[in-house]
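Here are a few exercises to work through with the model open beside you. Try each task before you read its solution.

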Amino acid sequence: MKFRNFKMVDYVVYGRGSFNQLDEILAPHRQDGKPMIFLVDHFFEGKPLAKRVPSKGNDKIVFADVTHEPKTTYVDKLAKQLKDEFGSISGIIGIGGGSTMDLGKAVSLMMNNTGSSADYQGWDLVKFPGVYKVGIPTLSGTGAEVSRTTVLTGPTKKLGMNSDFTPFDQIVLDPELAANVPVNQRFYTGMDCYIHCIESLQGTYLNEFSKSYGEKALDLCRKVFVEKNKWDSESDDQLMMASYAGGMSIAYSQVGVAHAVSYGLSYLLGTKHGVGNCIVMNHLEEYYPEGVKEFKHMVEKNKVEIPKGICKGLTDEQFDTMINVSLGMKPLWENALGKDWEKIITKEKLRGLYERL
Ligand code: NAD
Ligand code: ZN
């Protein structure tokens, strides 16, 4: 047995209004003549948050286009633009949901590594540390703020740059930034956390480390999506900590069936991570009976729409693509179903599941 020795985020600041400390936090990391780059989710263009960004001197605010989930081509383009314009930079601050945070991490790494980010999709392929990087979530649930990966769609695969250089140097958890997220989006991304917990807690890789964080995250998800009847600022506080704890739970275990199947959808159809997980979770009674029952209750209670019939009319070839992408996620299946997972989840069985989505 080889135990994972995982790299964590170096500094964490938490609290309502902690975003106001950003200028002070960045100060010691500013290098002469080299700018700080604020990569801000395009949702905030023209909004008050963009004006609160503490940019000065030759710093630059870049609005991240997250219409689609991050692609390696986009990461390469952003890194090239920054290299062409500035040579090198003091650091990069990703402010937004999981997509913007992942872009921030990936661009930081590509400032100091040659070639394309696609060359580093995998495990421990990144050669040099990136530039100083800060993650600031404005949407809670993915756990991207604490993870050692960045999920990227490349020319041949959807896979992260998993490495010890990937975690942020600093994160700023300010629940005020997540106020006013539209109900459906908040639910989809929040359910990413809920599903992480169910998959981790019911997985064969479970250990006390993961369990401690997973149970806490699950408890917080239940507080906001099951127990309360109205969303309030405390709910934003709770969901932001749920996301953090859910990410920590996964750090020492693995996700499971919902993620493995959802990856196939996102690869073929471009279905987004949060909603994709929800679409799949809706049909996983066989694997997570209690979790799915509670999930359906939360959908109803929070009056959220989960798309249906998204695989209607696909060709055999398209089904095969999704099945192959999904079965390629070996650790996820092994965590979910044990060492003999290949006997349990056959291609035919998976096809049946995709057809029901
Ligand atoms: P997202 O970042 O894709 O954003 C979804 C939408 O919400 C976008 O339109 C965005 O503009 C908007 N948005 C963001 N903040 C907002 C706010 N405060 N108010 C209103 N709108 C806001 O969504 P997500 O679910 O946070 O992230 C999904 C991405 O994260 C996927 O690309 C997925 O692959 C990745 N992910 C990464 C990890 C990891 O460990 N690195 C884990 C899970 C998911
Ligand atoms: Zn996820």
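**Exercise 1. The surroundings of ligand 1**

How far is an oxygen atom of ligand 1 from an N or O atom in the side chain of Asp41? Once you have that, describe the shell around the ligand.

Solution. A word on the ground rules: this is a predicted model, in which local features need pLDDT of at least 70 and side-chain atom pairs count only at pLDDT 80 or more, while totals for chains, interfaces and linings use all residues. Residues are numbered from 1 along each chain as its sequence is written, chains are lettered from A and ligands numbered from 1 in the order in which they are written, and side-chain values use heavy atoms, with hydrogens and water left out.

Step 1. The distance to the Asp41 side chain is 2.6 Å. The side chain of Thr189 also has an N or O atom 2.7 Å from an oxygen atom of ligand 1.

Step 2. Count the neighbours, taking a residue as near if one of its heavy atoms lies within 4 Å. Ligand 1 is surrounded by 25 residues, and Asp41, Gly98, Ser99, Ser147 and Thr189 are the closest. Helices α4 (98–110) and α5 (183–201) each supply at least two residues of the shell; helices (H or I, at least four residues) and strands (E, at least two) are DSSP runs, numbered from the N terminus.

Step 3. Sort the shell by class: 10 residues are nonpolar, 11 polar and 4 charged. Here Ala, Val, Leu, Ile, Met, Phe, Trp, Tyr, Cys and Pro count as nonpolar, Asp, Glu, Lys and Arg as charged, and the others, Gly among them, as polar.

**Exercise 2. The zinc site**

Which residues are the protein donors of the zinc ion (ligand 2)? Classify the geometry too.

Solution. Step 1. Look for donors, meaning N, O and S atoms within 2.8 Å of the metal (3.2 Å for Na, K and Ca); water is not among the atoms, so sites may look incomplete. Asp192 (OD), His196 (NE2), His259 (NE2) and His273 (NE2) qualify, lying 2.1 to 2.3 Å from the zinc ion.

Step 1. Read their spacing along the chain: D-x3-H-x62-H-x13-H. Because His259 lies in helix α8 (residues 257–269) and His273 in helix α9 (residues 273–281), the pair ties together parts that are 14 residues apart in sequence.

Step 2. Check the angles. The 4 donor atoms make angles of 88 to 169 degrees, and the site is irregular. Four donors count as tetrahedral if all angles lie between 85 and 135 degrees; four count as square planar and six as octahedral if opposite donors are over 155 degrees apart and all others between 65 and 115; anything else is irregular.

Step 3. His259 is buried at 2%, and His273 is buried at 18%.

**Exercise 3. A residue with positive phi**

Where does Asn180 lie, and is Asn180 buried or exposed?

Solution. Step 1. Asn180 sits in the loop between β9 (170–173) and α5.

Step 1. Its relative accessibility is 72%, so Asn180 counts as exposed.

Step 2. Inspect the backbone: Asn180 has a positive phi of about 70 degrees, although it is not a glycine. Most residues other than glycine have a negative phi.

Note on methods. Buried < 20%, exposed > 50% of the residue type's maximum accessible area, 1.4 Å probe, protein only. Polar contact = N/O pair within 3.5 Å; in protein donor to acceptor, adjacent residues only side chain to side chain.
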